[in-house]
Amino acid sequence: MLKNKMSKSVTILSFSIFIFFVSLNAGNAYAKKLKVITTSTDLKSIAEYIGGDKVNVESLTKGYANPHEVDAKPSFMVKLRKADVFIRIGLDLEQWAQLLIDGARNPHIRFGAPGHVIASVGVDLQGLAVRGGAMIDRSLGDVHIYGNPHFWLDPLNGKIMAQNILEGLKRNSPENAKYFEENKRLFDKEIDTRLIKWMKRMKPYSGTNVIAYHRSWPNFSKRFGINVVGYVELRPGIAPSPAHIATLIKRMKSEDIRVLIEEPCYETKIPKFISSKTDASVLTLPVSVEGLNEVKDYFGLFDYIIDNLVSTFKKQGITPND
Amino acid sequence: MRRAFVYLYCISFLILMPEIVLASNDTPNQDNLNLEVQELKVLIMEMRDGYEARMNEMQGMISKLSEQKFIEEADTEIEKELELLLNEKDEQTIFSVPSIQTAPGGFTGGQMFQNLMMNVSAIGDSVANVTWPERSIEEGRGDGTFAENEFADRISLREMELGLQGVLDPFARADFYLTSEDGGSISIEEGFVTWLYLPFGLQAKTGIFRTSFGRMNKTHRPEISQVDYPSPIKNFLGTEGQKEPGISISGLIPNPWDIYSEFTGEILTPSDEGVKGKDQIYLAHLKNFFSITNNSSLELGFSFQTRDISDTSDATLTKRNFRQTMEGIDLTYIWRPAGQRLYKSFTWQTEAFASQREVGSFDNGGFTEDVKDINSLGFYTFGEAQLTRRLFAGVRFDYSQFPTNDKDSEWAITPYMTFWQSEFTRLRLEYSHKERNSVTSPVEEGDNSLTLQATFSLGSHRPHPF
């Protein structure tokens, strides 16, 4: 009887030890992947493409959230504490990030460390507000002194961001450098191939005037040739005044501006009001991956934006150039 | 083709070889000849295998090269086509000059430039008060429930705060906040260095800082959600909260659920009791943060501190010290939908305080006698809802006894509205009704106060923790 009991105990103990080691191995296998934390879903999408199955990527923010307004939650610090690589947009977009980095107590990802990647290095920046030669102050609203941080809306900047991410991944996982480089090559090729299609689709509407809610589109409009001639927010970050809305409506009528672009994180009341007075179409366009359910990755972001822009231009009877 | 040729050659050789051998029938040693033939056969087979292997290798290389050439050609075609499109578009954009001037991104990478300098900020906090029953500033400072100078009939720049914050080196940062009240002399609100990366994930700071007791105490007065600190904070921690010189060490407690759980231990030298030497404040705080959903979170904190409150100016009183011990619990719920963060939010915050303060007297031998505890309690709770992008409304209820007097208590109700003109300018209108239930000095009627507050911020102020 005692022998039976002992034998049972030994079996259970052996099985437990086996399970423990199996789970330990599984943990190790998981740990071999680089743990990458990004500040945006766009960075996440690109990092996933370059990193492939060698990385495990998570974004701190949602694609539909306003990237300027993010809560520095302590739970983010826990994520960053375990991160191998932290990828951020840079410029002065993520003022909240420093608080998280300090709170995470992970020296490997602090500024200047191998795990800290700034995706904006070397990108083409637009919308640097210069008034009277050199003056930039808060009377312009929430301006970004280094340039408009929504630069990822130019696919060619996406390639530069991918290069910065590639360098970051290589620094932290040199044994996979060739794998990352090959993925980067494929990413560039995919961007180039799709960019040709996107530009061809947008070409007939080059020079079309539109209104936007926020200053999210300088890089996109430069690349694809549309003109954002006015904003619902007269000054970025400052709620529009009734007088400004009245002026905007007047202008849209007189200049026959028939499309108003709005980001998902802004209220729809004012755009709808403008639309009711001008018959312009209000087009909600995501500015980031996962900004809308349909937008799954960085390529899909442009697919969605361009598909919807073109169909809205057609719906509004905007005549193609050629 | 070449492979076929090799095969043909080998087969012909094998067929013809025996004939040649048989033709020379007059060879004396047939066995030796057969052996040589076998060896030759093996040699030929080996040669054939070698040839085939090399041929396969070469063919592989040729197809790889062809494939690469094809990819390169395809890439070049894409690049050429793209280049054409881009050039064409650049010509077009020359004629569509944007409404604001643009400049190329000379300072790309951002913040690197900014980080070479410290962040400098100034916060102004101006208030205009009307109180009734009517009281002047002097009366206001004298007694009554609005004894503090922040509530009296007046208009004033209640506080000016200058913040200097920056990174010292790869291991530490420093924060200084200098403050002046009512245009008076400048004092240090906070000034401390923080070592960010100590062993075992610890952080330490030393200097003068707001202590970690509770939640609201860590926030500077101009930045809290109402005009003034709640009564229990004023009564238990000081009229402007608790800030002391000391050392603070904190660490994250590892746990399998990845919950943010931070333990802080502090040793502080009290600046308000005249206590010297080894009589320090020992403080502990445990902060736990739970993400309930993507849009809502809960923070639960526990605080404890103990301090000596004896009058040590009398060197003979060394037999026994009087102590005050305080406990606190704080609970904060925040709902802020990520997609509509600009327009909708709700915050509910509650803190409760308990104090046990020993009082008594000393006999001629320096021993304590008639020792008893004053047990007092206090709490506040407030809820704040965001109505529009810029407008917030809230109400706070305070109840507090006094650490030195458990007979009296006070309560207050404070509704308010806050208008954020921008991220840097805030206007607030607040009404407060406060009553005191006093046994020692009965008060017949409650006090009322209406306050208009304007808070404004210049420069780069480091964001506050969530």
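This is a predicted model: local features need pLDDT of at least 70, side-chain atom pairs count only at pLDDT 80 or more; totals for chains, interfaces and linings use all residues.
Trainee: Where in chain A do domain 1 and domain 2 lie?

Mentor: Domain 1 covers 31–197, and domain 2 covers 200–315. Their C-alpha centres are 25 Å apart.

Trainee: What are the crossing angle and the approach of the axes of α2(A) and α6(A)?

Mentor: The axes of helix α2 (residues 41–51) and helix α6 (residues 177–202) of chain A come within 7 Å and cross at roughly 125°.

Trainee: Which residues of α2(A) and α6(A) meet?

Mentor: Tyr49(A), Ile50(A) and Gly51(A) of α2(A) meet Phe180(A), Asn183(A), Lys184(A) and Phe187(A) of α6(A). By class, this contact has 4 nonpolar, 2 polar and 1 charged residues. Gly is counted among the polar residues.

Trainee: How does the reach of α6(A) stand against the expected value?

Mentor: With 26 residues, α6(A) reaches 36 Å from its first C-alpha to its last.

Trainee: Which residues of α6(A) are buried?

Mentor: They are Phe180(A), Asn183(A), Lys184(A), Phe187(A), Ile191(A), Leu195(A), Trp198(A), Met199(A) and Met202(A). As a general point, an α-helix has 3.6 residues a turn, so residues three or four places apart point the same way.

Trainee: What makes Leu91(A) count as buried?

Mentor: The cut-off is 20 or more other C-beta atoms within 10 Å. Leu91(A) has 26 and is therefore buried. Leu91(A) is in the loop between β3 (85–88) and α4 (97–104) of chain A, and its phi is near 55°, a positive value in a residue other than glycine.

Trainee: Is Asp182(B) buried, partly exposed or exposed, and how do you know?

Mentor: Asp182(B) has 13 C-beta neighbours inside 10 Å. A residue is buried at 20 or more and exposed at 12 or fewer, so Asp182(B) counts as partly exposed. Its phi is also positive, near 50°, and its place is in the loop between β3 (172–181) and β4 (186–198) of chain B.

Trainee: How do you know that Gly291(A) is buried?

Mentor: Gly291(A) has 24 other C-beta atoms within 10 Å, and is therefore buried under the cut-off of 20 or more. Gly291(A) is in the loop between β8 (281–284) and α10 (298–315) of chain A. Not counting residues up to four places away in sequence, Gly291(A) touches Gly63(A), Tyr64(A), Pro264(A) and Pro286(A).

Trainee: What is the value of omega for the peptide bond from Trp132(B) to Pro133(B)?

Mentor: Omega is near 0°, and the bond is cis. Pro133(B) is in the loop between β1 (119–132) and α3 (137–142) of chain B.

Trainee: How many helices and strands are there in chain B?

Mentor: Chain B has 4 helices and 16 strands. Of its 466 residues, 25% are buried.

Conventions:
Residues are numbered from 1 along each chain as its sequence is written. Chains are lettered from A and ligands numbered from 1 in the order in which they are written. Axes are lines fitted to C-alpha atoms, for helices over the stretch in contact, and angles run from 0 to 180 degrees between N-to-C directions. Helices (H or I, at least four residues) and strands (E, at least two) are DSSP runs, numbered from the N terminus. Two residues are in contact if their C-beta atoms, placed from the backbone, lie within 7 Å. Domain bounds come from an automatic or database domain assignment. The expected span of a helix is 1.5 Å times one less than its number of residues.
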